Amino acid sequence: MFASICAGAEQYRFDEFFECPSDDLAVVGHRHAVFSDLEAAATADVIRSFVTDAAAVRDRLAEKLYDALQADRWFLGAVSAHCAAVVAASDGLDAAPVHAAGLLGLRDRLTEYRRSAEFAALRDEAARLEQGLDDLRFVVHTYAGKIVIAPPGDEPDFAGSVLETFARFAAPGRIEDQDQGRSAHQLDRVESAVLHLLGQLFPTLFTDVAAFHRAHAGFLPQWWLDAEREAAFYVHWLDFMRALKPAGVRWTLPRLSRENRAERVIAGCDVALANQHATDEQRCVTNDLELTPPEQILAISGPNQGGKTTTARMFGQLHYLASLGLPVPAAQAALFLPDAVYTHFERAESIETLAGKLEDELRRAKTLLESATGDSVIVFNETFGSTSLADAYVLGATILRQVIDTGALGVYVTFVDGLTRLDRHVVSMMSTTDLDDDSVRTFKVVRKRADGKVHAAAIARRYQLTYDDIRQAVS
């Protein structure tokens, strides 16, 4: 899911944000306040434009140009675009309904920078040089394969009539062919020659432009680059939220606590699954979750392919996204803010480990439980399926009691019904089937006493092994 958000935006290194969850309510609240402000279209438009304008300037500066005079002019355009972006962002945030400390800080920084002598000198000098270039007038004489550049005289201006004459031969929307290996902004030999002739004709102006380039090569302030990166993080997450709407995902800023361990989620969903469904134009089935102290663990059982693993993933995602200060995929959510989210999912055996599947699961479980604290969230998914039912119960019960003793919250997906009735700290949930046909999955997971017979009965009917089927076969 994170990879899909980062795709095409590698320059922002969003993975560094996604890999740094926080259990500090002040940090999370800071981001919540920004997202609350961005719910206003006017504010979101300003931030989106700020990111777009700032990125355009960086892209312009990153363009590799081989003609020195063109590079000087290109750089001058980048500076002018930056100055325009500063003014636009400053004016936009001044007019927008802003309350978040993060956006107020950006607004104040923009105002301070805009009023500084440094910015005024940069903007005024760039404007003077651009005006000087715009005011240049010259005549191009071509004859016998030669080009001559001269100051204008009394010659008539044929530019308009020539363009009008040849306009009829231009295909609508056609992009001019470029020489192989030359980007759209690279000059050909004739264009470069004309530019250098202009440099000889107006040496003072071109010298000033080159000096401007050298003097202000690192003109972008670091705080500006940092602000663009952080603003882009918010904008890309908003775009991701919008992209999942076709899958029926609703988003909310969760109510978080470091003290209250009661949790309640209404209409939550697995974001990674929703990301797939949005492409397939399918809607996700949502589920509700609730933990009321002394409840600590949701023990989920039920038929295969019924939504157990999806619910476990959702539980982990909700807490992890909440730790990042992001809106979470639910209609409503009240969550405990964990210090970390630990997961234990089934893995295929690997010949490189020289260990069996059960041994690998036990080693990973041991490492997880040694790392977890009473403020952690733990997700165990279909653990110890490679061993006997009796051993799976003993091992599962040992792990659950250790999690309970630690004080952590979590989910334990299991095929062992007895684990769902371990004690009062464990809540039984079950993936359900259609009331009329229990072979049909509803993908709804509800608080319910485990009943493995439902799945067994469905399998028996599918393979004609019910009591009546066997009696008929025998007779």
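This is a predicted model: local features need pLDDT of at least 70, side-chain atom pairs count only at pLDDT 80 or more; totals for chains, interfaces and linings use all residues.

Modeller: Residues are numbered from 1 along each chain as its sequence is written, and side-chain values use heavy atoms, with hydrogens and water left out.

Biologist: Is Leu-110 buried or exposed?

Modeller: Leu-110 is placed in helix 6 (residues 101–115); helices are DSSP runs of H or I with at least four residues, and strands are runs of E with at least two, numbered from the N terminus. Buried means under 20% relative accessible area, exposed over 50%, and partly exposed in between (1.4 Å probe, protein chains only). Because its relative accessibility is 0%, Leu-110 counts as buried.

Biologist: Which residues does Leu-110 touch, not counting residues up to four places away in sequence?

Modeller: Contact means heavy atoms within 4.5 Å. With residues up to four places away in sequence not counted, Leu-110 touches Val-86, Ala-89, Ser-90, Leu-93, Trp-223 and Trp-224.

Biologist: Why does Thr-252 count as buried?

Modeller: Thr-252 belongs to strand 3 (residues 251–252). Leaving aside neighbours within four places in sequence, its contacts include Pro-327, Val-328 and Gln-332. Thr-252 counts as buried because its relative accessibility is 17%.

Biologist: What is the relative accessible area of Val-474?

Modeller: Val-474 lies in helix 17 (residues 467–474). The residue is exposed, and its relative accessible area is 69%.
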